Amino acid sequence: MRKGTVIGLTALGIAVLAVPLLWNSTGPSNKQAKVHTASAERISKQHILQQDVNITRQLSQHDAMNDIQTGLAEWSTLSAQQLTSKIRSFVDAHPHVEYVYWINKSNKQAISSGSIPHKDKPEVYKKLTTYIRAGERHVSLGKEYRSPNLQINGKQHVVIGIPKSGAASPFGVVAIVNQQVVENIRNHQLRNLRMVPYPREHKYQVKSVDTNSMKDIAVKDGEDNQGTSHYYKDELVVRFRTPPTEEQLNQIKQDISCTHVRKSGYTYIFKSKAMGMEELKQYFSQYDPMYTEPHYLYMTNDIKRPDGTPTSLNARTFRPMADNTSNEPNDVFYKPYQWNLPLIKANEGWSLTKGSGDVTIAVVDTGVDTKHWDLKSKLLKGYNVIDPNTTPNDDVGHGTHVAGIIGAEVNNHEGIAGMTWNNPILPVKVLDSTGAGTSYSVAEGIIWATDQGAKVINLSLGNYADGAFLHDAVKYAYDKDVVLVAATGNDNTSQPGFPAAYPEVFAVSATNQDNTKASYSNYGNYVDVVAPGTSIASTYPDNQYAALSGTSMAGPHVSALAGLIRSINPSLRNTEVYDIMRQSAADLGSGGKDNYFGYGAIDVERALSMASQRQSSLSMYPQNVDRKLSSMVSRFLNKLGSHR
């Protein structure tokens, strides 16, 4: 595996302090990290990918069956006209349910909505109608039905039959479910687990070079992604010491054959149709700028998986979580799929706080499905940096998944449970439909979220370039007391990834269900903590659910924890939140902080208990006095100014 390479178009990819101890450490765990060879890592990623696919398939079927069962409870008492309207609305709300056929043989009632695919292809149509008739027979006998998988235009479909449970005279529904989400997850994870070259050079005009020699390097397969970054080869970021005059700017545009200019503060991004990045750097040296750098791309840091296969070479197979009735939500996927929440003691933590509507958590990502019924009640009006004239809707799936981990609606008998019950989510779209975004878009997203009052910003994205432009935006948010949480990356490398490795950012790596290091997870001395990242069930666009794996999935667990900490103790500064999350972590690996687990695995209950005690802790007395004095002085000065 090659380290220290920089790919021209740096893509910020989707998968993003000693304090007096109030708790005694539980002592080091004997869980040891295992850093895999290239071939072992590839095999492990393939296993994870297949498991995410299998679990997503299960989630898709389970979700469709659950929604139909819920509908049946209501539909059974409706008139034919009302029933027709309800079934039509159901199909509209579930784009992946292509056809619904209502059967009630006791009154010879049959109502359908949607269409059976490919009446123009006799073989496909014959198979589908055969499965529908089989489903009808099962429903009439009060039995459930599931057909074999059927490929239609490369998309996986299944026919299911759901009878109304407990009905004296059996009636129910037969439906055709499009499971394209399964293939979407497979393709998505091939990129985000870096199993294929990503991003594609032809799309972004990417340049790949060795960091030290700056010589061109060909990126031929997924392994070549490790330690690489990406940038536009015909663009340059320039931070001037003082802004250029309009006359200077016009001269610059003429000199470099500029086709596009973007501005953020004193920083400009110039795009040239005549010069490459190196030529642009040489040209702008005459202006003595504070810095110039390539216009980097950032990408998601996730991967995916579902049922059965190991999550890493040394991990256990997927299993339902242990029974824990303390603060147990009624969400239908919580108990069978969400092993991650009891593992980090979220249930126990909820007895201390379930979050606050005053503490906003921003998801700076691919956007969020603003109509997802398990999310929409938690979403604030966000911002689309890619296209400011449109809503920050998710055309990838990554941001929706991240948002669900943080704050999917809880106790609504639907889907999954988020970690925070009450914290609002602010969606900010900075990554495009490929899951990649530029330094400019990510920086603008961070600044915008900060200015809107976000208390926590989740960054499940990254690359390996230490870009000054992005760092300026990070420092801006940090200086405004924002908690910034970022995923470390999925290349199983110790090379620092950014923004996670910036000192102002809290860096998160991933673990499996048994608290071992996830085989894909990056590591290094900048890692702060670890959190569950493998086969995490969450929300997905079009009112669906999916399982994904990656440090992108670990990060939002920590962002949610930061939101809960700031909810239970709003007076804490961002640095104090960082300290609490480090000091409350359960030690893993070798004793104390290490490169694979940082300070350890997050412990929600312990962290929230520390946060609630923080104000009255004698060991923190000087800091609390200082904070109160600062607040009093600020109020006095404001009052003095108002009387002038």
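Reader: Helices (H or I, at least four residues) and strands (E, at least two) are DSSP runs, numbered from the N terminus. Which strand holds Asp365?

Author: Asp365 is in strand S15, residues 361-365. This is a predicted model, where local features need pLDDT of at least 70 and side-chain atom pairs count only at pLDDT 80 or more, while totals for chains, interfaces and linings use all residues. Residues are numbered from 1 along each chain as its sequence is written, and side-chain values use heavy atoms, with hydrogens and water left out.

Reader: Is Asp365 buried or exposed?

Author: Asp365 is buried and has no salt bridge. Buried means under 20% relative accessible area, exposed over 50%, partly exposed in between (1.4 Å probe, protein chains only). A salt bridge needs a side-chain nitrogen of Lys or Arg within 4 Å of a carboxyl oxygen of Asp or Glu.

Reader: What is the nearest side chain of opposite charge?

Author: Lys429, 7.9 Å away. Lys and Arg count as positive and Asp and Glu as negative; His and the chain ends are not counted.

Reader: And which side chain makes a polar contact with Asp365?

Author: His398, at 2.6 Å. A polar contact is a pair of N or O atoms within 3.5 Å; within protein, one must be able to donate a hydrogen and the other to accept it, and residues adjacent in sequence count only if both atoms are side-chain atoms.

Reader: Back to S15. How many strands are in the sheet?

Author: 7, in the order S16-S17-S15-S19-S21-S22-S23, forming an open sheet with parallel pairing. The edge strands, S16 (383-384) and S23 (529-532), each pair on one side only. Two strands pair if DSSP finds at least two bridges between them.

Reader: How many bridges join S15 to S19?

Author: 3. Val363 stands opposite Asn458 in S19. S19 also pairs with S21 (residues 483-487), over 4 bridges, and Leu459 has Ala486 as its bridge partner there.

Reader: Which residues of S19 are buried?

Author: Val456 and Asn458 on one side, Ile457 and Leu459 on the other, so both faces of S19 (residues 456-459) are covered, with buried used as above.

Reader: What does His96 touch?

Author: Leaving out residues up to four places away in sequence, His96 touches Asp63, Ile176, Val177, Asn178, Asp542, Asn543 and Gln544. Contact means heavy atoms within 4.5 Å.
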